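Q: I would like to learn how to read a structure like this one, step by step. Could you walk me through it?

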Amino acid sequence: QQEESVGGSAMAAAAAEQQQFYLLLGNLLSPDNVVRKQAEETYENIPGQSKITFLLQAIRNTTAAEEARQMAAVLLRRLLSSAFDEVYPALPSDVQTAIKSELLMIIQMETQSSMRKKVCDIAAELARNLIDEDGNNQWPEGLKFLFDSVSSQNVGLREAALHIFWNFPGIFGNQQQHYLDVIKRMLVQCMQDQEHPSIRTLSARATAAFILANEHNVALFKHFADLLPGFLQAVNDSCYQNDDSVLKSLVEIADTVPKYLRPHLEATLQLSLKLCGDTSLNNMQRQLALEVIVTLSETAAAMLRKHTNIVAQTIPQMLAMMVDLEEDEDWANADELEDDDFDSNAVAGESALDRMACGLGGKLVLPMIKEHIMQMLQNPDWKYRHAGLMALSAIGEGCHQQMEGILNEIVNFVLLFLQDPHPRVRYAACNAVGQMATDFAPGFQKKFHEKVIAALLQTMEDQGNQRVQAHAAAALINFTEDCTKLVLEQVVTSIASVADTAEEKFVPYYDLFMPSLKHIVENAVQKELRLLRGKTIECISLIGLAVGKEKFMQDASDVMQLLLKTQTDFNDMEDDDPQISYMISAWARMCKILGKEFQQYLPVVMGPLMKTASIKPEVALLDTQDMENMSDDDGWEFVNLGDQQSFGIKTAGLEEKSTACQMLVCYAKELKEGFVEYTEQVVKLMVPLLKFYFHDDILQPLNTKLAAAESMPLLLECARVRGPEYLTQMWHFMCDALIKAIGTEPDSDVLSEIMHSFAKCIEVMGDGCLNNEHFEELGGILKAKLEEHFKNQELRQVKRQDEDYDEQVEESLQDEDDNDVYILTKVSDILHSIFSSYKEKVLPWFEQLLPLIVNLICPHRPWPDRQWGLCIFDDVIEHCSPASFKYAEYFLRPMLQYVCDNSPEVRQAAAYGLGVMAQYGGDNYRPFCTEALPLLVRVIQSADSKTKENVNATENCISAVGKIMKFKPDCVNVEEVLPHWLSWLPLHEDKEEAVQTFNYLCDLIESNHPIVLGPNNTNLPKIFSIIAEGEMHEAIKHEDPCAKRLANVVRQVQTSGGLWTECIAQLSPEQQAAIQELLNSA
């Protein structure tokens, strides 16, 4: 009795273990990485013998889940293939015997075909390992099973036998010769099975596997040659059953044992040709069929050259494939690589042609293909012309000798296609030129450089088609391995434009070009080479900017010395020396690359730069008679004033002036206090440029004015080191001019830049920088801008009622509207800078604008008006509280209402306002904080609150809830709200609000808030994941004090071992890395 119950409990335990194992198999298939990794570790740790027992049990159990059984079969095969010697020999011999008979048993019982195949794979793997050093098969029952099964009435068993033989054709070991006729008979018999296509396919694959396994046994090829017709028949039949496995076997034979095909080569080629040309088959099959012929041209060229008729028929097939192109709207500007569909017919055809020309040689291929290509190039359909040019590129290497003689006519012909009306044909022409430049160098460059370069440069101007431009540039680079002066000028320009476009992708080519470019600058000193030298200087600086400081530093000091040498000769240069403008731009780029290290060169650079920036246009008042004596080409432009009078402006040098002004901005921006020596002269140059003149657009290009505006706050920043007195003097010199310019500038781009600069200047200068006259003038101007804003909106509404109103009109009205809104944002910028500098002192001045701002937030106004109106009131609350409450009647109701507005921009501005109301508003605002809370929560909890367009508004709402709890805790039930608020963290889109929320989170943790930490600190893992997510989204900069606080929170937990382990264990690997990153850097 006792004994029996022990046995029973052992069985129960084994059953439970097996049950655990099924769960494990399920987890190994889990899509969840963590679960799967865990399962893999557990599986690895099971001892080998137990693994086999468990796996076999699972495979045998037909009631288990299908996926689990298949997984078990795969794992058992892997175990035998990777760890046979560790696992199998150590098993007791009765277990070994049991495994062998068990496998054969399962194969016979299994009804499900894919499962049976997997078990056959295990049997084959076992057989492979049971052939000993001398070739003895240690599993005779396995062989017997093969012989019995292959002639069985059961199709499943016949399939199984063929599958095992296909998987391990060496299964007969040293008995192979003895059984050769039996093997052959078995395969022939199966190949002739008319009832079961699967048997024919499998026996054909098994035949191929057997031939490949005996690749050095020539006698065997002869013996098995009469299986080829049946094999080819199977290739054909299986293709039309959408199975390309036998065709793949044929490709392998062509690659490894082409000699086996010799007795039936004609039939093999004919079949391949037929399949390749059959458009009812899929692309993959057609390409595989072509691959048979192409592979033979590489592995058995001599054999194939005897079948010229086949080669002649294959060429049009490849060309037809190359014509198989898709129309693609976005091709011209798409990214290079993604677009070339590597498994497309066109790419396959081109590569096949290239390989075949190399394999069989030009003597055979060129005469066959020449006529075809000529016809394709004359076809009205772009796809044929494209294919013809690509074919020409493809055969260059293989037909090198034969094409050399007729290169001149080929080049002339190809260059015509750089002008082809279709961009993809132009692209193919660039491709052909680049390829020929490589295949026929250097003779090609010597003979054809003039016409080729001119044609490619023209193609590089192809503005609407980036791909064509890039390809022309690439062709040019291929071309330029050895060239002359004119050629060099053009080459240098093209390299520069490539570097400029490619940016960091240019790094690999840097060392290829830089030494030669430096060589040109050093040695091209004759007068006729000035332009070349200027362009080369430009090119070097563009490359430096493209590849970045790290890569460029190895040459930086050499380049600077070369530039300085040129610069010292600057005074001897004639005014029209083309190098001057190139030099000026190059210096500014060098400044961008070198940063602060550039300061030492300023004394040399600034002289010529100021000279160029100070060019004044010549102006003359002429009557019509004088005008006729002066022509446009002297650089004069004329404006007719009526009354026989004209106003003439000589525009020479104005572009250079504009460039020079932009360079000064660049120096001020990059060098900051390092530029202080020059601030005074630059301010004196720039301020007058802000004035608006009659015919301003001709007198000074737009960029000059933009540069002048942008320079103002930058120059103040530079001058700060000289102390407040110097700074104030400089500001007085600017301030009036800026305010006047805001009132008079008609161009909206320039105007917005001036307004933006003015706001920045006020932020630099702070409280007290504007006197009463300034305020009065500015108040009038801003009022006028806002009134104009409303008036323009009304005018647009009127235009929409016009009878000629249509889509085009609407587009231009939309543009006007965008411009108006942009100016409105700049009004908001200026008010922001005044409120943040002057605080509530400025409110009485603001009252003149109040009615207009209130008008902006009326419900019927478009959303940008409401957004910016709210932003202005947000500033009033943030910077002028508690006094702001005086105006609460105008903005509080709308602000509460707009938290739930349809427009996310409006919601964001409203939510931000409610947040600063809690933070800075006085006690008067308390009841409104209570009222705001449920509205904010409603927005946060709505279904789509985290979508891309809504997330910023939502994050402002979350931040506002945090501010209400932090600054007005008695207005809400903090205990109730906190758990919700924690579940919404972290913020990662709005970086400023993210810092606020993280700071509050730190307050709560540092004060050991029980709700935040949870009972027994159970919330800490959640807090860790919030911090980790914040770090992963770079929500907080490491230099921010908040980052240090977060790191300290983590460090404190780190000291209490168990808690730390628990927190870290619940994070993903990415989150763990983020926590580590925070600890290392904050």
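A: Gladly! Let's begin with the surface: the chain exposes about 50700 Å², and carbon and sulfur atoms supply 51% of it. Please keep in mind that this is a predicted model.

Q: What is the secondary structure of the chain?
A: The chain comes to 55 helices and three strands.

Q: How do I read the overall dimensions, starting with the radius of gyration of the chain?
A: The idea is to set the value beside that of a compact globule. For 1082 residues such a globule would be near 31 Å, but this chain has 41 Å. Along the principal axes, the C-alpha atoms fill a box of roughly 115 × 95 × 65 Å.

Q: What percentage of the residues of the chain count as buried?
A: Of the 1082 residues, 53% count as buried; the cut-off for that word is a relative accessible area under 20%.

Q: What do the contacts in the chain say about residues at least 24 apart?
A: Take the contacts between residues at least 6 apart in sequence: 71% of them join residues at least 24 apart.

Q: How many positive and negative side chains are there?
A: There are 90 positive and 158 negative side chains, and the centres of the two sets lie 3 Å apart.

Q: Can we look at single residues next? Is Q70 buried or exposed?
A: Q70 belongs to helix α4 (residues 66-87). Q70 counts as buried because its relative accessible area is 18%, and the cut-off is under 20%. Setting aside residues up to four places away in sequence, Q70 touches Q112, S114, M115 and K118.

Q: And where is A759 found?
A: Look in helix α39 (residues 748-765). A759 is buried, at 4% relative accessible area. Beyond residues up to four places away in sequence, A759 touches D829, I830 and S833.

Q: I830 is on that list. Which residues is I830 in contact with?
A: Leaving aside neighbours within four places in sequence, I830 is in contact with I742, M755, F758, A759, L778 and L782. I830 lies in helix α41 (residues 807-838) and is buried, with a relative accessible area of 0%. I830 and I872 are 42 residues apart in sequence and 9.9 Å apart in space, C-alpha to C-alpha.

Q: What is phi of N1017?
A: Phi of N1017 is near 60°, a positive value in a residue other than glycine. N1017 is in the loop between α51 (1010-1013) and α52 (1020-1032), and is partly exposed at 28% relative accessible area.

Technical notes:
Residues are numbered from 1 along each chain as its sequence is written. This is a predicted model: local features need pLDDT of at least 70, side-chain atom pairs count only at pLDDT 80 or more; totals for chains, interfaces and linings use all residues. Side-chain values use heavy atoms; hydrogens and water are left out. Helices (H or I, at least four residues) and strands (E, at least two) are DSSP runs, numbered from the N terminus. The radius of gyration is taken over C-alpha atoms; the globule rule is 2.2 Å times the number of residues to the power 0.38. Buried means under 20% relative accessible area, exposed over 50%, partly exposed in between (1.4 Å probe, protein chains only). Contact means heavy atoms within 4.5 Å. Accessible areas come from the Shrake-Rupley method with a 1.4 Å probe; for residues, only the protein chains shown count as cover. Lys and Arg count as positive and Asp and Glu as negative; His and the chain ends are not counted. The place of a charge is taken as NZ of Lys, CZ of Arg, CG of Asp or CD of Glu.
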